[in-house]
Amino acid sequence: MARLPRLCLPGIPHHLIQRGVNRQPCFVTDTDYAAYAHWLDEYAKKYSVAIHAWVFMTNHVHLLATPASTDGISLMMQSLGRKYVRYFNHKHERTGTLWEGRFRSCVIHDEKYLLTCQRYIELNPVRAEMVDAPEQYLWSSYHANALGKPIALWTPHTTYLQLGKLQNERLNAYRALFDRPLTGATLTQIREAVSKGLALGDASFKASIEETTGRRVSPAARGPKPRAKEEFLL
């Protein structure tokens with residue numbers, strides 16, 4: 001099945017995933033993580049992409065970002081990918097590709113799903129049983145969103161800022177969100193949207209995106225169920 005063309009809509013948050021080829025590690029040392037974060041910050045600013053949340057796992061990366069232009073995310077990821085691959089191959093004495101094809105992405109309804117997606121991203125190390133709590137994982141935006149650590153890469157989304165007028169109010173409210181576990185249905189919905197390039201939002205949001213772009217962002221309707229095998233044995 002042909003893959004749907006990627007959407008990049010200015011002013012709308014996008015959830016991005018990029019994986020290492022064959023699920024192999026794309027980070028080995030702390031210096032690798034730091035280098036990736038540095039160049040992500042550099043190219044995000046160069047191409048006017050606001051980064052709201054992230055987690056750098058051993059063999060993949062999650063980002064939550066809002067572009068200012070239709071090509072901002074693609075330009076950022078292409079530049080970052082080339083720069084980091086050259087660095088990684090030189091440092092670790094390897095050749096060839098590092099990433100598993102092109103990155104995957106989906107658009108997100110900020111009012112209803114943005115903070116849920118942030119929690120999904122920042123809880124990745126917990127679900128992977130790498131740590132017991134999100135604050136224990138260094139390479140995550142949880143330290144900015146929940147603990148107030150100043151990080152140059154981070155740009156808070158307006159939905160996050162609406163959690164409180166003062167920083168302490170926002171931090172407390174954000175941490176409280178993590179007291180409620182994400183349901184299995186929510187996890188499935190987020191994963192399906194980003195893996196298939198759909199939209200994460202309610203029906204009206206999806207309808208609005210489809211009307212604006214002329215592109216399907218909802219799961220395709222399932223066809224009729226085939227008749228049972230024994231029905232054909234007549």
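How many positive and negative side chains does the chain have, and how far apart do the centres of the two sets lie? The chain has 30 positive and 21 negative side chains, with 5 Å between the centres of the two sets. Keep in mind while browsing the views below that this is a predicted model.

**View 1. The whole chain, from end to end.** Let us start with the overall picture: the chain holds 9 helices and 5 strands. Read from the N terminus, the elements follow the order β-α-β-β-α-β-α-α-α-α-α-α-β-α. The chain is as compact as a globular protein of its length, because its radius of gyration of 19 Å is close to the 17 Å that the globule rule gives for 234 residues. Along the principal axes, the C-alpha atoms fill a box of roughly 70 × 50 × 35 Å.

**View 2. Surface, interior and contacts.** Of the 234 residues in the chain, 50% count as buried.

View 3. Strand 1 (residues 14-19) and strand 3 run antiparallel and are joined by 6 bridges.

**View 4. The hairpin of strands 2 and 3.** Strand 2 (residues 49-56) pairs with strand 3 (residues 60-67) in the antiparallel sense, over 7 bridges. A hairpin of 3 residues links strand 2 to strand 3. Follow Phe-56 across to strand 3 and you reach its bridge partner, Val-61. Is strand 2 mostly covered or mostly uncovered? Strand 2 is mostly covered, with 8 of its 8 residues buried.

**View 5. Asn-124 and its neighbours.** Asn-124 is found in helix 4 (residues 124-127). With a relative accessibility of 8%, Asn-124 counts as buried, because the cut-off for buried is under 20%. Leaving aside residues up to four places away in sequence, Asn-124 touches Val-55, Met-57, His-60 and His-62. Asn-124 and Trp-54 are 70 residues apart in sequence, yet their C-alpha atoms are 10.0 Å apart in space.

**View 6. Ser-195 and Leu-16.** Ser-195 belongs to helix 8 (residues 184-196). Its relative accessible area is 35%, so Ser-195 is partly exposed. In sequence, 179 residues separate Ser-195 from Leu-16, while the C-alpha to C-alpha distance in space is 9.4 Å.

**View 7. Two loop residues with positive phi.** Ser-48 is not a glycine, although its phi is positive at about 55°. You can find Ser-48 in the loop between helix 1 (30-46) and strand 2, where Ser-48 is partly exposed at 43% relative accessibility. Glu-93, another residue other than glycine, has a positive phi near 55°. Glu-93 sits in the loop between helix 2 (72-91) and strand 4 (104-108). Is Glu-93 buried or exposed? Its relative accessible area is 76%, so Glu-93 counts as exposed.

Note on methods: Residues numbered from 1 in each chain as written. Predicted model: local features only at pLDDT ≥ 70, side-chain atom pairs only at ≥ 80, totals over all residues. Heavy atoms only, no water. Helix = DSSP H or I, 4+ residues; strand = E, 2+ residues; numbered from the N terminus. Rg over C-alpha atoms; globule rule 2.2 N^0.38 Å. Buried < 20%, exposed > 50% of the residue type's maximum accessible area, 1.4 Å probe, protein only. Lys, Arg positive; Asp, Glu negative; His and termini not counted. Charge placed at Lys NZ, Arg CZ, Asp CG, Glu CD. Pairing = 2+ DSSP bridges. Contact = heavy atoms within 4.5 Å.
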